[in-house]
Each structure stands twice: as structure tokens, then as C-alpha cells.
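Hi,

Here is the structure I said I would pass on. Have a look, and my notes follow below.

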Amino acid sequence: MSANLLGNRDGRAVFAAWRTEARTRLEKLPRSVGQLIRLLAPPSGDFPDLLTPLAAQKGIEAGIDAVLSTRRRQLARELTALSRIPSWAGPLIRGELEALTVLGQALKDYFAHVMGPCWPRVQAQIEADRVRRARAFMAGGADGLLDSLRPTLRWQSPVLEADYPTDRDIHLDGRGLLLIPSVFCWRTPVTWIDPALPPVVVYPVDRTPTWWTPEPTTRRTDPLASLLGATRADLLRAATDGGASGELARRTGNSPAITSYHLKVLREAGLVIALPDGPQILYAATPLGRGLAAMP
């Protein structure tokens, strides 16, 4: 569905920034990658069921392996159903090994270069939706969960309705329903073409127009300094290598008095330990202190 969006103008307010960045990254890949992606996931209309295997729940590698393991008869049937099949796609339709290898690499490259940069934010959106649906389920059971999918999906027991390009009925017949939230699903839910496949509905998550806003380039706040204060954070990090009070003062640029005071606080908190060494005292971070000092 992300590839669909690259070829159209849907959801400009939501996807404009991502689309610009993604197209730039896609153009840097071999031309064959873009050709295959546009063939398999056109800007509008259906895309092959084989691109969305259930095995992908185990990760992108498992999903790609499942795509490449598609039976030749199914591969030919689903690919020939696409409009405007170019002549160069013939080896892929026939399931030739070299063409499948190229397809596998194209899928890996697309995910790594186009999806990879935004994947943490995609996962965050999905996790937020998961929490929302879980709360709805806890409050109202299955009815509450399904009713929470409005307005995209409308629950009128025992039927779940959705706007869809064609008039279609899917009967569960006891098979259950797999609900899949998607950042790149735009307005209309998506399901498999083949009615014999396990029932699935992909629905759009709620997004804000700034979901794709790049991370700020300014230096982020030091979490350890936020927790302990800048002076104590610097001293704790310096104490991971150990040293006398005077040495730690010089390393951190603090006065001896300030250093002694903050070392006392860190020692009382169990973050550093004081060890007599002749006429002076050596300070070293405890295991707890080392763990905190390692905070990114």
C-alpha cells in the first residue's frame, strides 16, 4: 500500500512529506526495483494477494520467502490479472528462478531504503492503535472492539460493513477475522481478492498530518542529565573510569568543593563507592551507576 501511494496523490496532507522522501530514495535504487514495484503495486486497482502472505507476521524476511515460494500457477494467475503487463515481466510470470531472485532483492531493497527510515514511526502508530483496540475490547468485548473501528468499518451485529470499490460479501463460516491496522491504508479497507483465503481486513489507523515529520536535528536532551542534573551526570560518567576527587574535578571542570558535594550525593544514592587509597579516597561507579552512565 505504501507503493500504491507513491504512484498517486491520495492523502496529500498526510503523506506529502513521506512521499517526497520515499520517491527520492527509490530513485537511488536500481531501475529494476522501481519497475517491479510499480508493476506489482500500481497506483490504483487491485494488487496480487501473493504480496501479502500471512507468513509476513514473522518479519519481512519470512514474508519475502513466502512470496518467492508462491506456486507457479498462482503466480501466473495473479500477475496476468494485472493490467498492462510489459514483455520484460514474462520470466517472472513463468516463475523463472533468476526473475524470482530479482524480485526478492527488489522487495528487500524497497523495504530497507523506502520503508526503513520511517519504520519506527510506523510501528509507533500501529502500537498506539493496538492499545486503543485493546481498551475497547476490555470495555465492551468483541462488540466494543468492532464498534471502535467506526467510521471506516461499521459494526451492526452480526455484520461488519465497509465502503468498498465493489459490492462483495465475505462469510466467515467460523474462520474468525484477522484485523490489520495500517499506516498506508487510505480511507478504504482492503481485503484479499481470493475468497478462499483466511478472512482479513486491513484498515487505516488514525494519523496526524505530522506523523512523518522528521526527527529534529538539534541535539536532544541528555536523559541522564535530566534525571540527575548535568553536574552529577558528568561526575558519574567520569567515575566509570575511577579516580580521586581532585582528578574527577579536573575531568569535569568543576571546583573541588562542588565535586566533593556531588560525589557525596552520588555515594549516598548507591551510584558510586568510595575506596581509601593511602592519603586519598578513590571513587568508582557501582554496577547501578555504570548502568545509568551507559544511558544513550
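The structure holds 4 aromatic pairs, where a pair means Phe, Tyr or Trp rings (for Trp, the six-membered one) with centres within 6.5 Å; planes under 30 degrees apart are stacked, over 60 edge-to-face, and the rest tilted. Take F15 and W186: the ring centres are 5.8 Å apart and the planes sit at 75°, so this pair is edge-to-face. It links distant parts of the chain, with F15 in helix α2 (residues 12-27) and W186 in the loop between β3 (178-182) and β4 (200-204), 171 residues apart. F15 is buried at 0% relative accessible area, while W186 is partly exposed at 24%. (Buried is under 20%, exposed over 50%, partly exposed in between, using a 1.4 Å probe and protein chains only.) Ring pairs also join F15, W18, F184 and W186 into a cluster.

Before I go on: this is a predicted model, so local features need pLDDT of at least 70 and side-chain atom pairs count only at pLDDT 80 or more, while totals for chains, interfaces and linings use all residues. Numbering runs from 1 along each chain as its sequence is written, and side-chain values use heavy atoms, with hydrogens and water left out.

Another aromatic pair is F111 with W119, also edge-to-face, at 5.0 Å centre to centre and 70° between the planes. Here F111 is partly exposed at 21% relative accessibility, and W119 is partly exposed too, at 30%.

Now for helix α11. Helices (H or I, at least four residues) and strands (E, at least two) are DSSP runs numbered from the N terminus. Which residues of α11 (245-252) are buried? They are S245, L248, A249 and T252. These cover an arc of only 105° around the axis, which puts them on the same side of α11; the arc is taken from the directions from the helix axis to the C-beta atoms. As a reminder, an α-helix has 3.6 residues a turn, so residues three or four places apart point the same way. The buried residues of α11 pack against α10 (230-239), β5 (243-244), α12 (256-268) and β7 (280-285), contact being heavy atoms within 4.5 Å. Just after α11, G253 has a positive phi of about 75°.

Cheers
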